[in-house]
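This report goes through one structure part by part, from its nonpolar cores to its metal site, rings and charged pairs. Please keep the sequence and the 3D view at hand while reading.

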Amino acid sequence: MVWEERWHPLRREWVVISSHRDRRPWQGETVNDARTPPAPYVPDCYLCPGNVRVSGERNPRYTGVFAFDNDHPCVGPTAPEPPPVATGPYHNRRANGLSRVVCYSPRHDLSLAELPHNEAVNLLSALQEQFRELAARPEVRHVLMFENKGDVVGVSNPHPHCQIYATNFVFRTIEVEAEASAAYVTETGRVLFQDIIAAEEQHQRRVISSSEHAVAFVPYFARYPYETFVAPRATHPNIASLSSVELDHLARSLSVTLIRMDNLWQMPFPYVMALHQAPISGHAHPGFHFHIEIHTPLRKPGLLKYLAGPEIGGGNFLNDTAPEDKAEELKSRPSVHYRVDESQ
Ligand SMILES: [Zn+2]
Ligand SMILES: [Zn+2]
């Protein structure tokens with residue numbers, strides 16, 4: 001049993017860990033397990049190769065990674081100039097930037113966890129390209145790359161894909177991480193994320209996988225059950241500067257993590273995955289260490305961790321599980337996907 005408050009150094013906030021609460025009786029709503037396997041091609045999927053999207057455009061018969069500008073952009077070059085607001089503290093501006101969709105593969109049924117290694121590497125290298133292209137746009141201040149997976153996080157299409165928001169502002173979480181990382185360099189002369197990796201490796205229990213160039217762990221300060229960070233060992237401000245060998249190790253580490261998540265309950269594990277990359281601006285962001293965060297909303301099969309009073313009302317997280325226990329659960333799962341096992 002763990003009952004304590006833990007400091008989240010990247011967010012600079014407290015997380016309340018109270019694992020004894022995980023056993024409390026639950027009579028609330030449960031969610032579907034979504035165990036029915038999808039088909040490799042779905043005629044009415046707007047992301048499958050050769051199909052027509054809502055914009056009327058037809059997808060090419062793509063064979064690898066396929067990226068296109070989002071048909072429903074949240075930020076985009078065609079955003080209208082808003083009317084000025086003249087009163088008080090309120091102000092506004094154009095929702096400028098670029099929104100993209102990146103399909104991992106033509107296969108409708110191949111999640112990132114099941115993507116063959118070479119395709120996972122190709123995907124990460126396509127994201128490097130995307131970053132370079134989008135970061136070069138004059139209006140772009142930050143590139144957020146993320147995947148929503150599963151009904152419970154509101155995914156609009158199950159075809160494996162991620163999204164990119166290249167925005168004219170820096171997302172708040174990134175801004176806080178950049179401030180925390182820079183302050184840490186000033187105070188200690190060291191990189192915060194390097195010290196986090198060192199602390200995790202010293203403790204060992206929360207490390208899910210570890211190789212020469214990449215590491216995955218359930219952080220000490222995890223806010224969600226099974227929340228996992230995957231990162232290169234070397235400090236890079238964003239994905240673009242990783243070498244091919246680092247990318248290879250990162251892909252492996254990411255795959256093993258996602259496979260173990262799926263293997264936990266033999267079902268596609270829902271998550272929100274985000275690549276945390278330094279803001280793009282004139283000045284440097286000392287100590288910012290590119291990493292991938294996987295936020296996992298399920299506590300148990302069919303049972304969500306609901307965001308409620310503490311999280312939505314107060315802004316701090318209450319985690320009803322001990323990160324050490326959740327890491328042990330993940331580590332104990334095989335690193336071969338259960339669907340591969342089934343087909344053999
Ligand atoms: Zn599809
Ligand atoms: Zn982060």
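Two residues are in contact when they have heavy atoms within 4.5 Å of each other. The model is predicted, so local features need pLDDT of at least 70 and side-chain atom pairs count only at pLDDT 80 or more, while totals for chains, interfaces and linings use all residues. Residues are numbered from 1 along each chain as its sequence is written, chains are lettered from A and ligands numbered from 1 in the order in which they are written, and side-chain values use heavy atoms, with hydrogens and water left out.

**Contacts and cores**

Leaving aside neighbours within four places in sequence, Val143 is in contact with Phe131, Leu134, Ala135, Ile164, Tyr165, Ala166, Gln277 and Ile280. Val143 also belongs to the largest nonpolar core. A nonpolar core is a set of buried Ala, Val, Leu, Ile, Met, Phe, Trp, Tyr and Cys residues joined through side-chain atoms within 4.5 Å. Buried means under 20% relative accessible area, exposed means over 50%, and partly exposed lies in between (1.4 Å probe, protein chains only).

The largest core has 52 residues, and Leu112, Leu127, Val143, Ile292 and Ile294 touch the most other members. Two or more of its residues come from each of β4 (97–103), α1 (117–135), β5 (142–149), β6 (161–167), α4 (244–265), β10 (271–276), β11 (291–295) and α6 (323–331). Helices (H or I, at least four residues) and strands (E, at least two) are DSSP runs, numbered from the N terminus. Helix α4 gives the largest share of this core, 9 residues. Another core lies apart from it and has 13 residues, including Leu10, Ala180, Phe221 and Ala231.

Strand β6 also holds Gln163. Is Gln163 buried or exposed? Its relative accessible area is 15%, so Gln163 is buried. Beyond its neighbours within four places in sequence, Gln163 is in contact with Asn70, Arg100, Leu144, Met145, Phe146 and Asn148.

**The zinc site**

Which residues coordinate the zinc ion (ligand 2)? The donors are Glu177 (OE), Glu177 (OE), His276 (ND1), His291 (NE2) and Glu293 (OE), at 1.9 to 2.6 Å. Donors are N, O and S atoms within 2.8 Å of the metal (3.2 Å for Na, K and Ca); water is not among the atoms, so sites may look incomplete. Along the chain, the donors of this zinc ion follow the spacing E-x98-H-x14-H-x1-E. Glu177 lies in helix α2 (residues 172–188) and His291 in strand β11, so this pair ties together parts that are 114 residues apart in sequence. Glu177 is buried, at 1% relative accessibility, and His291 is buried at 0%.

**Aromatic rings**

Rings of Phe, Tyr and Trp (its six-membered ring) pair if their centres lie within 6.5 Å; planes under 30 degrees apart count as stacked, over 60 as edge-to-face and the rest as tilted. By this rule there are 13 aromatic pairs. One of them joins Phe221 and Phe229, edge-to-face, at 5.8 Å centre to centre and 70 degrees between the planes. Phe221 is buried at 2% relative accessible area, and Phe229 is buried at 0%. Ring pairs link Phe193, Phe217, Phe221 and Phe229 into a cluster.

A charge sits over a ring if NZ of Lys or CZ of Arg is within 6 Å of the ring centre and within 35 degrees of the ring normal. Arg53 lies over the face of Phe68, 3.8 Å from the ring centre. The charged end of Arg223 sits over the ring of Phe317, at 4.3 Å from its centre.

**Salt bridges**

A salt bridge is a side-chain nitrogen of Lys or Arg within 4 Å of a carboxyl oxygen of Asp or Glu. The count by this rule is 22 salt bridges. The table lists three of them.

| Pair | N to O distance |
|---|---|
| Arg6 and Glu324 | 3.0 Å |
| Glu179 and Arg12 | 3.8 Å |
| Glu114 and Arg339 | 2.6 Å |

Arg6 lies in strand β1 (residues 3–8) and Glu324 in helix α6, so their bridge ties together parts that are 318 residues apart in sequence. Arg6 is buried at 4%, as is Glu324 at 6%.

Glu179 in helix α2 and Arg12 in the loop between β1 and β2 (13–18) are 167 residues apart. Glu179 is partly exposed at 38%, and Arg12 is partly exposed at 38%.

Glu114 lies in the loop between β4 and α1 and Arg339 in helix α7 (residues 338–343), so this pair ties together parts that are 225 residues apart in sequence. Glu114 is buried at 18%, whereas Arg339 is partly exposed at 21%. Salt bridges that share partners join Glu4, Arg6, Glu200, Arg206 and Glu324 into one network.
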